[in-house]
Amino acid sequence: MKLRAALLAGLMSLSAWTPLSANERKEFCVFDVAGAGGFVYRTLQEYQRKAVGSGVSLSMSPYTDEDEAVADFRAGKCDIVAVTDMGVRHFNSFTGSISAIGAVPFYEDLRVLMHILSSPRVDEHMSQDGYQVLGVAPMGAAYLFVNDRAINDADALKGKRVTVFEGHHDARHMLEYIGAIPVDAKISNFARLFNTGQADISYAPAAAYELLEMFKGMGDKGGIVKYPVGQVSIHLVAREGEFDDRFVRRSRKIMSRLYPEAMRIVRQYEDSIPEERWVDISKKARVGYQEMLRNVRIDMQEATDASGMQAAGVYDDNMMTILRKVRCYTNPGALECSAEDRE
């Protein structure tokens, strides 16, 4: 009788440990300008599947408005929120600095950086002000969409109207530094401003060509300058303590391992753009862009005026040093690697 009771108790304890009860159910709010059918949402469905294997069941909800996703996260309606590099600046300046202008020029740099961000070596920087980043994945390089192919070097940007997102103080400072004219924009309307001729230039990943129909703003004379001015990325954010340390570490690994599939889709979008739409630039112009963007970043860090200091304030010094080291690791012959005024 005692044996039967012991067996019954054991079976009851086993039945209590079902996958449903073992897995925490959490709300996962995902910003994707294209909604549930978008590249980001579809990529993060793979994250959702792998999270289940780590004991967390995620209920995904798509948002086409990043501000709304952030507001719901702050209100406690989301346990995790997926936001862009711009959106994550509300929560973490370290990973928010990945989109520093021109700081991650090539995909090889980005691949190395994604590996670093999944390492315990940077754990202390991934948590700030009660929030922590649970991983980062790429969305593709940001290119200049232009309405005139003659805009093919840094000097040609002078006097041109360029969209700049709210809160993107570093981009605004860059435009003013080079003599361009900032045009206030949001993620929800920057493509329309370009397509309707209210801006001469707008920066976006290659996917915007098709998804946001930005070929309309190019007309017959325009194109896409084949030089990345930054990297767009997706960041997962949670309140600190929402998940145990084991899952947090696992989450960052899962996100870093999304890199190959995410880049496959990114390259599909890039390869689908007609060859004649790309504006190739000379090696000299490429070096000119690199140096111009580096000089802008240094100018911000040394600025004493309110605008410059506000722009520099969005950059985390630790990340800027890591990014410089990554660039010099992949391209040791770059001018900045031997320059005295290093970042």
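The paragraphs below take up the helix and then the disulfides.

This is a predicted model, in which local features need pLDDT of at least 70 and side-chain atom pairs count only at pLDDT 80 or more, while totals for chains, interfaces and linings use all residues. Residues are numbered from 1 along each chain as its sequence is written, and side-chain values use heavy atoms, with hydrogens and water left out.

Helix H6, residues 107-117, is mostly covered, since eight of its eleven residues are buried (under 20% relative accessible area, with a 1.4 Å probe and protein chains only). Helices (H or I, at least four residues) and strands (E, at least two) are DSSP runs, numbered from the N terminus. Among the buried residues of H6 are Tyr107, Asp109, Leu110 and Val112, and the buried set packs against partners that include strand E5 (131-146), strand E9 (223-239) and helix H15 (317-330), where contact means heavy atoms within 4.5 Å.

The structure also holds two disulfides, each being a pair of cysteine sulfur atoms within 2.5 Å. Cys29 and Cys78 form one of them, with sulfur atoms 2.1 Å apart. Cys29 lies in strand E1 (residues 24-31) and Cys78 in the loop between helix H4 (66-74) and strand E3 (80-84), so this pair ties together parts that are 49 residues apart in sequence. Cys29 is buried at a relative accessible area of 3%, and Cys78 is buried at 0%.

Cys328 and Cys337 form a disulfide with sulfur atoms 2.1 Å apart, and both cysteines are buried. The torsion about their S-S bond is about -105°, so the disulfide of Cys328 and Cys337 is left-handed.

Technical notes:
Buried means under 20% relative accessible area, exposed over 50%, partly exposed in between (1.4 Å probe, protein chains only).
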